Amino acid sequence: MYGSARVSDDSDRTAFRKAEKKYKLYYDDTSKSSKKKKQPKRVDLSEVLDFKSILKSQVENGDLLPGIIPLQSDLHRPVFCLESRPGFFFIPEALSVEEQCQWIRESLNNFPQPPNRTNHNAFYGHIHDLFIAANENKVLVEEAGVPTSLESNSGPSVSNDDVHRWKFYGEHSVSSGGNPCKSVSAAVLLRKLRWSTLGLQFDWSKRNYDVSLPHNKIPVALCQLAKRMAEPAMLEGEQFQPEAAIVNYFGIGDSLGGHLDDMEADWSKPIVSMSLGCKAIFLLGGKSREDPPLAMFLRSGDIVLMAGEARECFHGVPRIFTDKEHAEITPIELQFSHEDDHCYLEYIRTSRININIRQVF
Ligand code: OGA
Ligand code: MN
């Protein structure tokens, strides 16, 4: 789903692809000196919609850009719609700094825990306590002599998950010399964590929900938050029933290619999507990749809803900003440093997390 995966059969010529290229992270190679730190190429951000400044000028002098509609809702906070994209809703600063920190903690500690699956499942099976292991400098080591599901000839019902082939060890208990075992540090695995799935498990290889996979219900607090935030997009008398969530983890240079989320049965129900950590650029296209997308900033604490017609719009995240000036995460950095949570601080300084919550049926 990352990088090119969801844009595979796309030529570089569509309007969506052009916009992705415009905002993508490239490095300046003008400074040839290897001593100099690589500098990100400057991009023109003048066309990126900025709901923080839209909100500010609306509050200060009642001004609004053409095509942006403020919505009255029961949320008791500002919600904006776009005239050109019915069914799309932007709720700036929807989450307090405390709430943002809470969901960052959950996303790192609890959401990637079995039975929830992550991108690491396919290779390592279920991994328990990855975030703790990373902070304790543990190393994941392949246990010699334990048969894999393929080798053990135990039939198709035994998945890799049932065979615990990989185990965490302290960094010093893994000898380097002559050790035939494969190993990988938990810190590297944490950096390579790309997604985890909550509730009904989405199977990325089949691009569908696999209801036969063991799963827990969406955590109650997340369910309540999503139901509350979905309200502006809900039709009269309807209820939003969160059944699944996908958590995306973005590191430096990561992007999410243009795609549609079309595996849910009822497109009148919104996808509730919350942003945490470093600021990003979100592209909201039209029903065809040929339609020029709108670019907008997503900051930590912002929530967007995509319902109805907006569910048919291509969208993606071509860029996250991890430099101090553009990341705009000072409030969460301060909160984590007060609480002495340096492990979260270190992670979030160069990362973005997106939690998007869906009703599947
Ligand atoms: C998705 C998605 C948007 C984001 O995961 O389907 O569109 O803001 N995410 O990361
Ligand atoms: Mn999506």
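Reader: What takes up the largest cavity?

Author: In this predicted model, the largest cavity is the space taken by ligand 1. The elements that give two or more residues to the shell around ligand 1 are β11 (244-250), β12 (256-259), β17 (315-320) and β18 (352-358).

Reader: Which element gives the largest share of the shell around ligand 1?

Author: Strand β18 does, with 4 residues. In total, 13 residues surround ligand 1, and the closest are Asn248, His259, His315, Arg352 and Asn356. By class, the shell has 4 nonpolar, 5 polar and 4 charged residues.

Reader: What makes the approach of His259 to ligand 1 a polar contact?

Author: A polar contact is a pair of N or O atoms within 3.5 Å. A polar side-chain atom of His259 lies 3.0 Å from an oxygen atom of ligand 1, so the pair meets that cut-off. For Asp261, an N or O atom in the side chain is 3.2 Å from an oxygen atom of ligand 1. A polar side-chain atom of Arg358 also lies 3.2 Å from an oxygen atom of the ligand.

Reader: How much of the accessible area of ligand 1 does the protein cover?

Author: On its own, ligand 1 has 300 Å² of accessible area, and the protein covers 97% of that.

Reader: Why is Ser196 called buried?

Author: Buried means under 20% relative accessible area. Ser196 has 0% relative accessibility, so Ser196 counts as buried. Ser196 lies in strand β8 (residues 195-199), and its side chain is joined to that of Tyr249 by a polar contact of 3.0 Å.

Note on methods: Residues numbered from 1 in each chain as written. Chains lettered and ligands numbered in written order. Predicted model: local features only at pLDDT ≥ 70, side-chain atom pairs only at ≥ 80, totals over all residues. Heavy atoms only, no water. Near = heavy atom within 4 Å. Polar contact = N/O pair within 3.5 Å; in protein donor to acceptor, adjacent residues only side chain to side chain. Areas by Shrake-Rupley, 256 points an atom, 1.4 Å probe, with all protein chains shown as cover. 1 Å grid on protein atoms, 1.4 Å probe; cavity = no way out; pocket = protein on both sides within 12 Å on 5 of 7 lines; lining within 4 Å. Sits in = over half its atoms within 2 Å of the grid points. Nonpolar A, V, L, I, M, F, W, Y, C, P; charged D, E, K, R; others polar. Buried < 20%, exposed > 50% of the residue type's maximum accessible area, 1.4 Å probe, protein only.
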